[in-house]
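Me: Could you walk me through this protein, one question at a time? I would like to know what the model shows before I rely on it.

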Amino acid sequence: MSSIRAKLIRSISSAFLQRYDAASLDIEDARRKTALLGRLTLTAFGVDVEATKIAGMHAEFLRPKDAEPGRLLLYLHGGAYILGGCDLHRQVVSHIARAAGMDALLPEYRLAPEHRFPAAVDDAVAAYKAVLATGIEAENVFLAGDSAGGGLAVAALLALRDAGEPLPAGAVLLSPFLDATGSGDSMRTRASQDPWFHATDLPVITAHYCDEHQRRFPLVSPVFADVEGLPPMYIQVGDDEILLSDSERFADALIAAGIEVKLDVWPEMWHVFQMFIGKMPESRRAIDDIGAYIRSRKV
């Protein structure tokens, strides 16, 4: 990582999140800090914000002025299943919505440790079903998410498939968290490069979300899932992050199952670098690529 980029990420980390000892994390304090960080960011130009309710959850529509009617991006935010929401993710989702030329819906699913697995999965499935109940066709819906939200997006797809529900046109995953067991090689090979996370954080954070025996469940760790029948996917991940192997192994599983997948590994980038839109050209290019991918899959 270049010295300028390293300085940027570590200055923001120090001010708001810190490269912390997960064992001593004050979840409520972290939630306040991340919400503050989000309120300091700007929504993309030309995108209106509309508060709403979906399946009983607070949510926001991010509506670009040139959005194509009848198409929707359902975005599941990251935050290790314990943080995140509209405040923190409004900016990046608004930019993705504008790049894709479609409305986005950003629901606030229930968080752990107050609501443990499978509450978040149930909420994601309920939000998707509620979208279809409005009359939007599944073929005009994209599912997306970052970090834990990326893992949640895949878990929702698995649950919907198993229930025989119509699946969306595709999914977009940003640095998805797909292995709660932390068994990927990058947990070791990227340990000195990742500016956000320590491998030792993983079991502590995961314990807030699920029981130890549940960590290999497909809806918790989709790298262990049967992916047959899932829709096409686009995955973006940083080459410097300890979760890199999650994306690589999952992409390999999709390919083996004959599912179309596009995997972009960004050199010198870290976990969910797209959130730095307006700060780095890589973030803008990544979001533009997401928009181009979704537009290219128009029915």
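**A buried threonine and its surroundings**

Reply: Happy to! Thr-34 is buried, with a relative accessible area of 5%; buried means under 20%, exposed over 50%, partly exposed in between, with a 1.4 Å probe and protein chains only. This is a predicted model, in which local features need pLDDT of at least 70, side-chain atom pairs count only at pLDDT 80 or more, and totals for chains, interfaces and linings use all residues. Residues are numbered from 1 along each chain as its sequence is written, and side-chain values use heavy atoms, leaving out hydrogens and water.

Me: Which backbone oxygen does the side chain of Thr-34 reach?

Reply: Thr-34 is found in helix α2; helices (H or I, at least four residues) and strands (E, at least two) are DSSP runs, numbered from the N terminus. At 3.1 Å from its side chain is the backbone oxygen of Arg-31.

Me: Are the buried residues of helix α7 on the same side or on opposite sides?

Reply: In α7 (residues 201-209), the buried residues are Asp-201, Leu-202, Ile-205, Thr-206, His-208 and Tyr-209. They cover an arc of only 145° around the axis, taken from the directions from the helix axis to the C-beta atoms. That is why they lie on the same side of α7.

Me: Is strand β5 enclosed or open?

Reply: On one side of β5, Val-141, Leu-143 and Gly-145 are buried, and on the other so are Phe-142, Ala-144 and Asp-146. With six of the six residues in 141-146 buried, β5 is largely enclosed by the rest of the structure.

Me: Which residue in β6 is the bridge partner of Gly-145?

Reply: β5 and strand β6 (residues 170-174) run parallel, joined by five bridges; two strands pair if DSSP finds at least two bridges between them. In β6, the partner of Gly-145 is Leu-173.

Me: Which residues have the most contacts inside the largest nonpolar core?

Reply: A nonpolar core is a set of buried Ala, Val, Leu, Ile, Met, Phe, Trp, Tyr and Cys residues joined through side-chain atoms within 4.5 Å. The largest has 62 residues, and those with the most contacts inside it are Tyr-209 and Phe-250.

Me: Over which residues is the pLDDT below 50?

Reply: pLDDT is the predictor's confidence in each residue, from 0 to 100. The chain averages 93, and 92% of the residues score at least 70. Where pLDDT is low, the predicted coordinates should not be read in detail. The stretch with pLDDT below 50 is residues 13-19.

Key:
Contact = heavy atoms within 4.5 Å. Polar contact = N/O pair within 3.5 Å; in protein donor to acceptor, adjacent residues only side chain to side chain.
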